[in-house]
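Please look over the model below before reading on.

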Amino acid sequence: MTSSRTAHVFLWTLPRSVSTAFTRSMESIDNVAIYLEPYGCAEHFGPEGRLIPKDTSPTEMEYTYDKVKAKLEDKSLENKCVFVKDMGYAVHKRYDKIAKGYKHSFLIRHPIKSFLSYYNMMVSTGADDVDGNFISWLPEGLGYQELWELYCYIENENGKKPFVVNSEDLLNDPQQVLKQYCEAVGFEYNDGLLNWDSKPKVKWNMAQAVWDLEPIYNWFSNSLTAGGFKKGLSKPLPSIEELPKIVQECVRKSMPYYEKLNACC
């Protein structure tokens, strides 16, 4: 197994998939450097972004795809364990910009839970056009199609299947899932991964633009408090007919790709 001191790992995921809690967990990996959505920042806030918020201009001019790649390949990280959590859609059709020397893993969540959580977050902002705001942050394939296509690309490039975690399994048995995950990516498991304090153990490398929007969207609020993986998030799925119409549409379009990814767990 690769030494935990030098293992470099991507976790590719989707919005509202328990990925921030996963990142909090990774703070307990020894000698770790954490990067939170550098490609996602390039996509939403950088000069080459395809999903820059409506009626705004790029605010993170240093977040070009080439600069993100160079940052993640920097020699200063050679003796560090590196964990990068990012959105799969952020590198869609820009696969040549993915940093080299990393193992790849994926985190998925059932579309009903992911999109409903995302929709409720948008409602909480008080926006007048919730449906429009909801869609404006998402790529054409709503994230699931792009994540599946990225999975296929990584598998084809590396000649083996990347490790896939379903957030439902993670919430139900975090110890077992995290042990398997660490074994797969080259991290050294310890029980500290199961719980965390309100104060991060490791400073996250992330763009200021993301922090600036935290008071509006509360991307991380639940995961930045003390605790661990909350089994309460693992609840029975509501009927799709009970969901807002825009959520229903997103779920139906995304289910085929989710089922393909889930079959890889």
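**Briefing on the predicted model**

Asp129 sits in the loop between helix 4 (111–124) and helix 5 (130–136), where helices (H or I, at least four residues) and strands (E, at least two) are DSSP runs numbered from the N terminus. This is a predicted model, in which local features need pLDDT of at least 70 and side-chain atom pairs count only at pLDDT 80 or more, while totals for chains, interfaces and linings use all residues. Residues are numbered from 1 along each chain as its sequence is written, and side-chain values use heavy atoms, with hydrogens and water left out.

**Overall fold**
- The protein chain contains 10 helices and 8 strands.
- Its radius of gyration, taken over C-alpha atoms, is 17 Å, close to the 18 Å that the globule rule (2.2 Å times the number of residues to the power 0.38) gives for 265 residues, so the protein chain is as compact as a globular protein of that length.
- The C-alpha trace of the protein chain spans about 50 × 40 × 40 Å along its principal axes.
- Of the 265 residues in the protein chain, 53% are buried (under 20% relative accessible area, with exposed over 50% and partly exposed in between, for a 1.4 Å probe and protein chains only).

**Positive phi angles**
- Asn31, which is not a glycine, has a positive phi of about 60 degrees; Asn31 lies in the loop between helix 1 (19–26) and strand 2 (32–36), and counts as partly exposed at 29% relative accessibility.
- Glu37, also a residue other than glycine, has a positive phi near 55 degrees; Glu37 is found in the loop between strand 2 and helix 2 (38–45), and counts as buried at 17% relative accessibility.
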